Structure formats: structure tokens, C-alpha cells
Protein chains: 2
Amino acid sequence: MKPAYVLASSDSSARPKRNLKLEIEYDGSNYSGWQIQNHQRSPEARRRTKKTIQQVLEKTLKEILQQEIKVISSGRTDAGVHALAQVVNFYTDSNIAHEKLQLALNSLLPHDIVITKIEDAPLFFHSRFSAKSKVYRYTILNRKYSSALLRNTTYFFPHFLDVVLMRKEAKVLLGRHDFKSFQATEKKERTTVRTVRKISIKKDKDFIFIEIEADGFLYNMVRNIVGTLIEIARGKLPPESMKRILLSKNRIYAGPIAPSHGLCLVKVKY
Amino acid sequence: MKPAYVLASSDSSARPKRNLKLEIEYDGSNYSGWQIQNHQRSPEARRRTKKTIQQVLEKTLKEILQQEIKVISSGRTDAGVHALAQVVNFYTDSNIAHEKLQLALNSLLPHDIVITKIEDAPLFFHSRFSAKSKVYRYTILNRKYSSALLRNTTYFFPHFLDVVLMRKEAKVLLGRHDFKSFQATEKKERTTVRTVRKISIKKDKDFIFIEIEADGFLYNMVRNIVGTLIEIARGKLPPESMKRILLSKNRIYAGPIAPSHGLCLVKVKY
């Protein structure tokens, strides 16, 4: 594999001076996600859609650094999905100090995108390829009424959920498996095998937090897993369904996809 | 004093059947506050302003109960101020069950207003006059960068704040005092004496939570107190300023008003 800066630089003969690594918090509510896959959309559909977080970030970086910047992220997030610490890197010859760049970015970026950390990384560092694992958190508000203040960051679900059963069923996902059953049907990844390192399901008052750490995630994987866990926990799918669905390697057996606004990328580990 | 239902009913000869008490959570970001004081505004200004929470609630209640409803709240909140548990009551002859009314309200109200509780109260219960005390919480995010996800519910303040000093200075506010120094200048209350029962200032990671409980609050009182505490805690006002400002009974000595979006009405006690 070529070093990351070769993949990213428009002039591959020039070795860039710096590889800057940024951590970003964002509220995905007002965006079409991290990046649109333009080849999937007609020009008309592209005009209709909202901005992407990547577009806004690259435009702001260009404004500050006075050069075209192409950022590499740890991975895309869907429309409505949030991040506490998305990681990106980009190459630049600018000498700008971390603190100065962070202040400039945060004063020019809209309030729903915040740069929480900037550091220099080795030139070979690549936000996606260097990542060892990623942690996503899904938050369910499980009570009779919604929350006005948390409406964009929790999935309000008013029916009873058996959290103990949810925990038991989720265990079969741990380890290295083919997660094809939980991949968005329109996607065709080379391999659908991933390793789930950790799943924790915590209940705190009316909230249920589902945290999943894996070496990588298929498109919609977390939301499809959560949607399936909800179907089991409310009694719409029988116990041991998770095992059966995982082994089926067929999306049609899994539950419906859980809404995007309950999902948050909380950590990328390197 | 006349019983509350006489004050509220348009036909004071009719004794209403029920006095319903509601608890409401709302995100104040998209509203002109709980209620606009219309007499202060020109017709043109009124057209320009956003809706109030009271307007939206009364319109929705009318739609469900098929009668004009006038709600009584525990007190107004300003534009941008939030509530976890605002309390209102209103009189009705409807026999509607609590759960049915709550479901109907929450499905018709916008997502930033949520009814969290409904119960029958004695006819003499009045959300404002019956209240023993109210608790407000002001949240400061005290670090170098803002938060994308909490931008509407915390006041981002990047400079150092001495929380120990803040706590010490706040103590002089405890008890029964004339809080005229912290009242919005345009306001003329009959009496500006209030009793502050409790002040707690907690630091948790990058957050500073200032909670104030009092038997009543003057217009802008919490925000003016917080603004003053910030000026002291950042060293712009000398120690013991709080005592001096309180005794001065003059708004011009207090600090600038803190922004509304950091403020939340968390509890009304009866």
C-alpha cells in the first residue's frame, strides 16, 4: 500500500511537510452526513441535499490555510449521526501553530462543528487505515414521553425493553464474525467479516446506552444491530434470534434499522 | 386573594370541574420565551418575533379539548431559556384521562415541547401563587473549545474561572435580601426582596453548574447573578464584590447579564 500522503496529495511527487491530526465533535442533525457518495446521486439530488461535514470543514481549512485541503476521516457517518471525537488528518506545508489553527477553525466553523484537538502526526498516519478500532454509542430514551432537550441525540422508544435479554443476545456478536446480516443491502463490501471487541449495554434511569467497539463497521451495521436488539427486547423476535440472524448472513432476517439520531461516534483508537 | 380559578376563568360564576397540573420540559432555543409581554411591543415587533411556548401549548390544548384554555405557569422564562419541569395548571370541564391527554399533547406539540406529567390538582392550586420555591440551574462549559452537541444548553466560556472564589462570593446571597442590584433595570417590581434558600456551585470536568433555589426570582435575577459571579471568578471584579453589589441595590454595579441559553428551570416546589 502506498503511504497515506501519496493517496491524499494531488502532487504525489511532493512530500508534504506536516500531517495534522484533528479531533472533531459534531451535531449531525443539520448535515447529509460526513460525506455524500456523489456517484450514487443525480446532479439534481445533489443540489437538494444539505451540506456535508467534510465539505464545510475543507472549505474552512482552505479559507484559513489558503490552499486546497483534502481531509481523510476515520470513516463516514450517516446523515443525522453525531460524533464526539471523529478523527481526520490532512497534509499541509503550513507552519501554523495548533492552538492558532484550532481557534481560527472554531471561530469560522458553524457552532455544530467543533475542533476539540489538533496535533502533528507522523507522515504515515492515516485516520482510517491506522485505526485499530472504533467505538459507537447508541442512546435509547425508554419511557412514556420524549425529551425536548435530548430529542436530537436520543432515540425515544416508549415500549418496554428487556435490557437483560438484550445483553444476553448481544453477546453472540462478540468476536470475529461475518456481519453480512447487518450490512445495508445496497452495499457490496469486499469482505463483511469484522471483529467486535466489546459490547456494553447500560441502563441509567430511563436511558439505555449500547456501546459497540469493533475493528471496523459495515455500512449501517450499528443501527441494524440496535434495531434487531430492540425487536428482541420488546418481544417481537424470539430469544436466540441474534445467533440465528448472524448465522443467516442475510439482511432480511435482521430487525429494521434504528434511527440515525441516536447514534454517536465516541472514539477512534489508534 | 380570590381563589385561582376565579382569576383564571372567563366566566367567574361557573365553578370548573377540574384543575389539571402539567409538568413540561422544553428547549427554549426556538421560542420568544414562555410568554411575550405584549404591552411592551409594537404590533410590528410582535409580528417579527417567534412564537411563545404558552401560545403553542394553549393552541394545542384547545385543539384537543375543544375549548379555549388559559394556562397559568409558575412564572415566565426568557427567550432561549429552557425548562426541565415548568409547571402549569388550567381549569377544564373535560373528563379526559391523564394518559390520554398526555399522549395527545405529545403527539401534536412540536418536539421541543414535551409534557412529562399530568395530574389533577385541588381547585385552589395555582402554579405561581402556590409555589414554595423554584430551582434554576445555569451551566457553564469552561474550556478552550465549545461543544457542538451542547451548544444550545451550555454557556461556553473559554477563560479561567476560580470556582472556589465563586462559591465563597455566592454565599452572601443566601437568605432574605433586597436583590434590586440583580433585577433587570426596566422592571419595577413592588418588592425586590427575595429569599435565596440554597446555592450550589459544582464543577464536573469542564462543566460548572450553578444552582439557585429561591422563593421567587426577579426578572433576569439568575442571569445577572451568574454574570456577576463570572466577572469575579475571572478577576475582573475584586473579591467581596458580591457583598458590595448586593448592598448597593443598584443594577449598574453588577456584572453583565449571562446569556439565556445556559439557563434552565429545573424544579418548582409546592
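Analyst: In this predicted model, B:Ile72 stands opposite B:Asn89, a residue of strand S3 of chain B. Strands here are DSSP runs of E with at least two residues, and helices are runs of H or I with at least four, both numbered from the N terminus. The facing of B:Ile72 and B:Asn89 belongs with the antiparallel pairing of S2(B), residues 72-73, with S3(B) over two bridges. Two strands are said to pair if DSSP finds at least two bridges between them.

S3(B) also runs antiparallel to S1(B), residues 18-26, and eight bridges join these strands. Within that pairing, B:Leu20 has B:Phe90 of S3(B) as its bridge partner. With S10(B), residues 263-269, the sense is parallel, and two bridges are found. There, B:Ala83 is placed opposite B:Leu265 of S10(B).

How enclosed is S3(B) by the rest of the structure? The strand covers residues 82-92, and ten of its eleven residues are buried, so S3(B) is largely enclosed. Buried denotes under 20% relative accessible area, exposed over 50%, and partly exposed the range in between, with a 1.4 Å probe and protein chains only.

As to conventions, residues are numbered from 1 along each chain as its sequence is written, while chains are lettered from A and ligands numbered from 1 in the order in which they are written. Local features need pLDDT of at least 70, side-chain atom pairs count only at pLDDT 80 or more, and totals for chains, interfaces and linings use all residues, while side-chain values use heavy atoms, leaving out hydrogens and water.
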